[in-house]
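Subject: Handing over a structure, with notes on what was found

Dear colleague,

I am passing a structure on to you, and below it you will find my notes on what it contains. Please keep the structure open while you read, so that you can look up each residue as it comes.

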Amino acid sequence: MASHGFWFLGAENASGNGSQSPNTPRAWCQAAAQKFTGGIGSKLCALLNVGEAEKAAQAPVKAEDGSTAESCGCNEPCNCPKAAVCFSDLYSTDLLPALDGDAKTMNFLQEVVDILLAYIVESFDRSTKVIDFHYPNELLQRNNWELSDEPETLDDILISCRATLKYAIKTAHPRYFNQLSTGLDMVGLAADWLTSTANTNMFTYEVAPVFVLLEYVTLKKMREIIGWQDGRGDGIFSPGGAISNMYAMLLARYKMFPEVKEKGMSSVPRLVAFTSEHSHFSIKKGAAALGIGTESVICIKADERGKMIPSDLERRIIEAKQKGYVPFFVSATAGTTVYGAFDPLMAIADICKKHDVWMHVDGAWGGSLLMSRKHRWKLNGVERANSMTWNPHKMMAVPLQCSALLVREEGLMQSCNQMQACYLFQQDKHYDLSYDTGDKALQCGRHVDIFKLWLMWRAKGTIGFEAQIDKCLELSEYLYNKIKDREGYDMVFDGKPQHTNVCFWYLPPGVRYLEDKVEKMKRLHKVAPVIKARMMEYGTTMVSYQPQGDKVNFFRMVISNPAATFEDIDFLIEEIERLGQDL
């Protein structure tokens, strides 16, 4: 049965009311008032603009002293009114640490929380839009986004919060499939709020004791899952997979030529790196940033499914050596961005060992399959890698950002990156200095990304993540089986996808029967962009598209959203056909 979203909450209370659908906002609010404590249900109703009658019933009452009072949120009539704050007369300077600012701060933050709660509920409601799309110039004109010299009132600040969320993409929406990072986990969200409240830096134990220990514990657990003995090694959480991949390249270069740290690239021979032609662009970007150069990244051929061809890798390594170049880094991909392909890691590991080259696995997208007993075989051989990138903010649905670099050799990151700044990393501190992790990072200021992953892991357990990941792969297989023989659809490659990436063309009736192949491809190239634009303008769903090599634009459906269901996959197919039938 199709889910009705959060409005379904009121279904059991609406059975006796013939004039009111159980899925209407009014019914939902009646149920919410009973199910949520502290008046949250009534606040959500007001914030969701549900009915003038409800709003009138909740209107604040004018007190004799000129202030207003409103209900405390009790489910029963009571005599405990609370003063309503007039934010139009308040500024940020009235909040903590201002003298007597605690009550005003609590009221202001409660208003913000109410806005967020309303947005969260709306995001999971399938009857709402994924996006309220406006073109950039139009959106710039709809609101005053400019910065001013004079402060604005807290009322204006709250208005800005509402406007920002009004035009934001609902990435938690069950029908949002546009990126590799989708969904919104409630425990992860709570952890993110706590992290921002703690507002500390990850560079030393003295300023982030719990967070540093949680990073230590979690990275060790991830290394154990990779298969490194006793979880030994090293690692760090970075701002994203691209930076994690660059870290790996940096370490590989230092491992082979440690003098490069002080003397630079002029002190080493011409280095070359190898990666699949289907790999992420960050490999070349990292080479550019490290002064190695994009021309020194040799792209290895992939087969029709997008997997690196090992024989071509070895051929190109030998060829590079014959030219006097020094192969130092091979990046294999576990879950390519477009096809979701897994490179043959075992064969690649054999080649890297033979030629004494650092093996890195970019598992930003597919690394989380290690959590699944059913699917982890796709990463067989990862335990032989020197390093691995793993992004929990993708398949594990940890709130952005959360990316880990795992390294097999302990101490290498420290020696490669440390600068021993005496104002941070004093050597005579009274605790174990190995927990001052900041000197092994490229950053000085480093955001706390660990707590949301750790807290979600505690809440779900490994088996909870496993079930979540298995469900997403089951949904992708369902989509593949639905469209592989359906009229109007062509698969980009044959066979069941390895990951949740399902790549396909939709051929509208006007294109489907064209005999001129050149004209057919020319027109088909325009189909996906038009349908995507219509999706966004209607706000019904979002899915990505792109060309690949000589292939014209096709849809790349990826599923990482834990809220998605089989009914949402059915909806997507029907919506593509509805939006593209006239093309």
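A residue is called buried when its relative accessible area is under 20%, exposed when that area is over 50%, and partly exposed in between, with a 1.4 Å probe and protein chains only. This is a predicted model, in which local features need pLDDT of at least 70 and side-chain atom pairs count only at pLDDT 80 or more, while totals for chains, interfaces and linings use all residues. Residues are numbered from 1 along each chain as its sequence is written, and side-chain values use heavy atoms, with hydrogens and water left out.

The chain as a whole

The chain has 583 residues, of which 49% count as buried. It holds 18 helices and 15 strands, where helices (H or I, at least four residues) and strands (E, at least two) are DSSP runs numbered from the N terminus. If a contact means heavy atoms within 4.5 Å, then among the contacts in the chain with a separation of 6 or more, 69% are between residues 24 or more positions apart.

Most residues other than glycine have a negative phi, and most peptide bonds are trans. Asp-356, in the loop between α13 and β9 (358-363), has a positive phi near 55 degrees, and with a relative accessible area of 64% this residue is exposed. Asp-100 also has a positive phi, near 60 degrees; Asp-100 is found in the loop between β3 and α4 and counts as exposed at 61% relative accessibility. That loop between β3 (82-84) and α4 also contains Pro-97, which is joined to Leu-96 by a cis peptide bond with an omega of about 15 degrees. Another cis bond runs from Leu-400 to Gln-401, with omega near -5 degrees, and Gln-401 belongs to the loop between β10 (387-390) and β11 (403-407).

Aromatic rings

How many aromatic pairs does a search of the whole structure find? The search finds 16, where rings of Phe, Tyr and Trp (its six-membered ring) pair if their centres lie within 6.5 Å, and planes under 30 degrees apart count as stacked, over 60 as edge-to-face and the rest as tilted. One of these pairs is formed by Tyr-205 and Tyr-431, which are tilted at 50 degrees between the planes and 5.1 Å centre to centre. Tyr-205 lies in the loop between α7 (186-198) and α8 (209-226), and Tyr-431 in the loop between α14 (412-417) and α15 (450-483), so the pair ties together parts that are 226 residues apart in sequence. Tyr-205 is partly exposed at 26%, whereas Tyr-431 is buried at 17%.

A further tilted pair joins Tyr-339 and Phe-554, at 6.4 Å centre to centre and 50 degrees between the planes. Because Tyr-339 sits in the loop between β8 (326-333) and α13 (345-355) and Phe-554 in strand β15 (residues 551-557), this pair ties together parts that are 215 residues apart in sequence. Tyr-339 is buried at 4% relative accessibility, and Phe-554 is buried at 0%. One aromatic cluster is made up of Tyr-205, Tyr-216, Tyr-431 and Tyr-435.

The search for space was done on a 1 Å grid over the protein atoms alone: a cavity is a set of points where a 1.4 Å probe fits but cannot get out, a pocket is an open set with protein on both sides within 12 Å along at least five of seven lines, and lining residues have an atom within 4 Å of a point. Grid points are joined across faces, edges and corners, and a volume is the space filled by probe spheres set on the points.

The count comes to one cavity of 30 Å³ or more, and the largest cavity has a volume of about 40 Å³. Its lining includes Tyr-339, together with Arg-305, Lys-307 and Phe-493 among others.

The second largest pocket has a volume of about 840 Å³. It is lined by 44 residues, and those nearest its centre are Thr-171, Ser-181, Gly-183, Pro-399 and Leu-400. The largest share of this pocket's lining, four residues, comes from α4.

With best wishes
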